[in-house]
Amino acid sequence: MGNTEKEYIDEIKKLRKKIEYYESIHSGSLETERSHEYHLGLEKLITNISMNFINLPPEKIDDGLNKALGTLGEFFQVDRCYIFLYNENITTMTNTHEWCANSIEQQKNRLQDTPCLTFPWFTGQMKNLKTVYFDQVAKAPPEAKAVKHEWETQKIKSIICVPMISGKGLVGFVGFDSVQIERQFKDDTRILLRIVGEIFANALAKQHYDEELIHKTEQLNVLLGAAERLNVTLEVETVMRELVASAMELTKAAAGTAGLIKKNKMVFSEYNNAGEIIAVDYEFEKGYGVPGWIIETRKPYITNDTEKDPHVIPEIQKKLGFYNLINIPILNAAGKLLGCFEIHNTSNKRDFNQQDIEVLQGLAGLAAVALENALLVEQQYRTNLALNLSEQRFKAIADYTYDWENWISPSGKLLWVNQGVERITGYSIKECMEMKDFPLPMILEEDKEIARKSIRQAVKGSTGNNVEGRFKRKDGSIVWVATSWQPIYDKNGVYQGHRSSIREITARKKAEMELRKSQQMLKLILDTIPTHVFWKDLDLNYLGSNSHFAKDAGLNSTEEIIGKNDFELSWHKQAELYRADDRKVIETGKARINYEEPQTWKDGTHLWLKTSKVPLRDINGNIIGILGTYEDITERKQAQKEREKLLKTLEVKNEELESIVYVSSHDLRSPLLNIQGYCSELKQSIDSLMAFCEKNEFEEEVKHKLSSLIKEIPPPLQYVKEGALRINMLLDGLLRLSRLGVEAIQIKKIDMNKIIEDILSNMNYQVEDSGVDVEVSQLAECTGDPGQIYQVFTNLLDNAIKYMDKGRKGKITITSKIEEENSIYCVQDNGIGIADSHKEKAFQIFQRLDPTGPTRGEGLGLTIVRRILDRNNGRIWVESTPGRGSCFYVSLPININQ
């Protein structure tokens, strides 16, 4: 074969170093891959949650939040996820949304309107916008005693609470509980959870804004409907009845009534209780009851606790059964009191507020016009009714509409403006009428050019819709508005100027900016993570990607990818292959994870990718496209090929070496047996010669010389005999080592407690004879070949006993622990220890733990141990201090498929 044993061994060592290098590359790639897969899953989750809230209607926001909590809970494998919202003054907090894993008790119903003072430390952390995180609740600081007690009541072991922040500041927090086990969250995960909190806060802000807008629209429609009905009604009784019904509809109140001033008294004749008209007969003089207070002050009155209110008549309150009320005076254009109307709630619905008063005052203005008209009809003033009706109707609607209304002349001069301007800008009607170039002085400098262009278009008779811009209020603050306008013509078609309607959209714009900020953060994260991300629609056209993907596609920015397909990109040769995978994911609704595929660019570059594709779903679970990621594994594939090539070469070299060892062992066995046999015979001959010399008489000089020669022969002879035994022992070890490579192994679950028990039973004599104490802790399970693992720990225990320090009582301890997916065993002794220079040599062939010591051995025990562990997917290493002892660590997989 041409190679000596030493040359083969040196070559195998070089090959092993190369394999360890490529295995380290492979191992690092796998670790990076696992990290990438985790971050990919997290980024996909955040992307889906953010995208799902973009066009979600307000009535579905709560369902969307609950679904998002469930998705987050399952992804992070926690037991409970929830949202708490603070009231406006951060004095109470309420659990509004909650998701719980199976068998986990819900807490939402009992955590409603909880006073924040109950948990002062926790509230302080939230107000300072700090994340509250304990992987062990039991280690919460003393100042958190109150909230810690609550957590322990809920049996929470680990918790993380992230502040939710909107444009107005702190609005609540998102919480994650681990009840069954203690959990740890990585720093980047906690950062991403803050983004989730911002997304939820923006979604809730959007919901509030949309609901408020819908509510205002509904109220305006009610007002417009009421105006239409009231202004065609010429009967006082019908006006009063319509007024009460409209007031109840505007505020969702349960009941109401209206009264007229008759002879300085407020007189009520009927009561609307949930649509049922009940006749009543109540009269109130000035100062008597709430209506009497209205006569005296002519101001609106509100109370949300009628049982304790000094102006409410107790007998009437008990009879009608209401707990809160609003009473609004009906004043005509000259400020004359015509009457009042009052609405009630008879069950615990909600408190009335200032907004209710404002909208009801608008209704009162409409009612005043209709009521005056009806009274005029009753007084036979029919002649001027039509003109009065038309003028007052417009003024009432315009003055009390929520938006800011303007009437601009054909030359661009302000003719009329309603009270909405003061609410939005802080400037009075008078100031606006006197303002030069109205409304340009109020418009932010950066937006004036857009405003001038819009004014020029409006003056020419065009129509505009929702043109956005910014106004500077009188107090210096900035508001966003949306302006719409349309031309006004008289009955003859003559242009009379234009009407503009301006509504404030500051809250919406802030929500949009916060959402855009979250999306920018998400884009930054997507562009930062070291993987390629893309998403497509159902037609397999690209909707977006991160920068890594765009660069591979040969594009300068991620925006350029939108609308393109694979046939238009640098990998068009594999376009049909990729699209077939896309269609399969969309049609089946099942993800394809971590499959390898080729990619060839236009310039001839050939890559290997590890790709994953999952269905992209909307908030309702409908598939709207695919989300994909891939990682360039070209270098890893090349390393893998090189590794396989080296492994094949090593396998051939190992087979050759095993053949050499096997043949050499057998060929050397016969000469060794002859040497041992002749040594024994020679020893017998020497003994016989020595006996012969002692029995026979020789000359003293001859006898002395002969005796001296005979005595010199046994020591060398004994050395030869021991050398032969040593060689025989080494040959036995080499044979055992060579057989390890060809023996079949059977990987099974192993009860290490039983293995150690059997080993100690078989070594009982050796243990007792050495006087060593052996302590064994409860050991974790592992997987491997039971017979070979038995041999590993037998060798380790045998070495520990052999190399005990004779100067002290020997002790061996066997323990275990679990790290990741491996069981780590430690065989620790207090023996002579191993010098640093011998730690790695101890596992090499023909090396002994103590080469200069009295303990005998062939130096193959630890070599065989490492070889066995290599075949069982395990490993071994040693930590030792000379003179104090050693600890041999053995790592074995817990699961068979590892």
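Which residue forms a salt bridge with R470, and how far apart are the closest N and O atoms?

1. **The R470 salt bridge.** The partner is D447, and the closest N and O atoms are 2.9 Å apart. This is a predicted model, so please read each distance and angle below as computed from it. R470 lies in strand 15, residues 464–472. D447 lies in the loop between helix 12 (429–434) and helix 13 (448–459). The pair therefore ties together parts that are 23 residues apart in sequence. R470 is partly exposed, with a relative accessible area of 23%. D447 has a relative accessible area of 12%, so D447 is buried: the cut-off for that class is under 20%.

2. **Other salt bridges.** The whole structure holds 29 salt bridges. One of them joins E237 to R241, with the closest N and O atoms 3.2 Å apart. Both residues are in helix 6 (residues 236–251). They are four residues apart there, which means a separation of about one helical turn. R241 counts as partly exposed, at 35% relative accessibility.

3. **A bridge between two strands.** E283 forms a salt bridge with K265, and here the closest N and O atoms are 3.7 Å apart. E283 is in strand 9 and K265 in strand 8. The two are 18 residues apart, and the pair links distant parts of the chain. E283 is partly exposed at 45% relative accessibility. K265 is also partly exposed, with a relative accessible area of 27%.

4. **A charged network.** K536, D566, D582 and K613 are linked in a network of salt bridges.

5. **Aromatic pairs.** The search of the whole structure gives 23 aromatic pairs. Take Y86 and F173 as one of them: the ring centres are 6.0 Å apart and the planes stand at 55°. Why is this pair called tilted? Planes under 30 degrees apart count as stacked and those over 60 as edge-to-face, so an angle of 55° falls in the remaining class. Y86 belongs to strand 1 (residues 80–86), and F173 to strand 6 (residues 169–178). The pair thus ties together parts that are 87 residues apart in sequence. Y86 is buried at 10% relative accessible area. F173 is buried too, at 3%.

6. **An edge-to-face pair.** F268 and F284 also form an aromatic pair. Their geometry is edge-to-face, with 5.7 Å centre to centre and 90° between the planes. F268 sits in strand 8 (residues 265–273) and F284 in strand 9 (residues 276–284). They are 16 residues apart. F268 counts as buried at 3% relative accessibility, and F284 at 6%. Strands 8 and 9 are also the ones that carry K265 and E283.

7. **Lysines over tryptophans.** The charged end of K509 sits over the ring of W480, 4.4 Å from the ring centre. K637 lies over the face of W608, and its distance from the ring centre is 4.7 Å.

8. **H344.** Is H344 buried or exposed? H344 counts as buried, at 1% relative accessibility. This histidine lies in strand 12 (residues 337–345). Leaving aside residues up to four places away in sequence, H344 touches A253, A254, A255, Y271, L320, F322, N324, L325 and F352.

9. **The disulfide.** The count comes to one disulfide. C826 and C887 form it, with their sulfur atoms 1.9 Å apart. C826 lies in strand 27 (residues 822–829) and C887 in strand 29 (residues 885–893), so the bond ties together parts that are 61 residues apart in sequence. Both C826 and C887 are buried.

10. **Other cysteines.** C81 is buried, with a relative accessible area of 0%. C340 also counts as buried, at 0% relative accessibility.

Terms used: Residues numbered from 1 in each chain as written. Predicted model: local features only at pLDDT ≥ 70, side-chain atom pairs only at ≥ 80, totals over all residues. Heavy atoms only, no water. Phe/Tyr/Trp six-rings, centres within 6.5 Å; stacked < 30°, edge-to-face > 60°. Buried < 20%, exposed > 50% of the residue type's maximum accessible area, 1.4 Å probe, protein only. Lys NZ or Arg CZ within 6 Å of the ring centre and 35° of its normal. Contact = heavy atoms within 4.5 Å. Disulfide = S-S within 2.5 Å. Salt bridge = Lys/Arg side-chain N within 4 Å of Asp/Glu carboxyl O.
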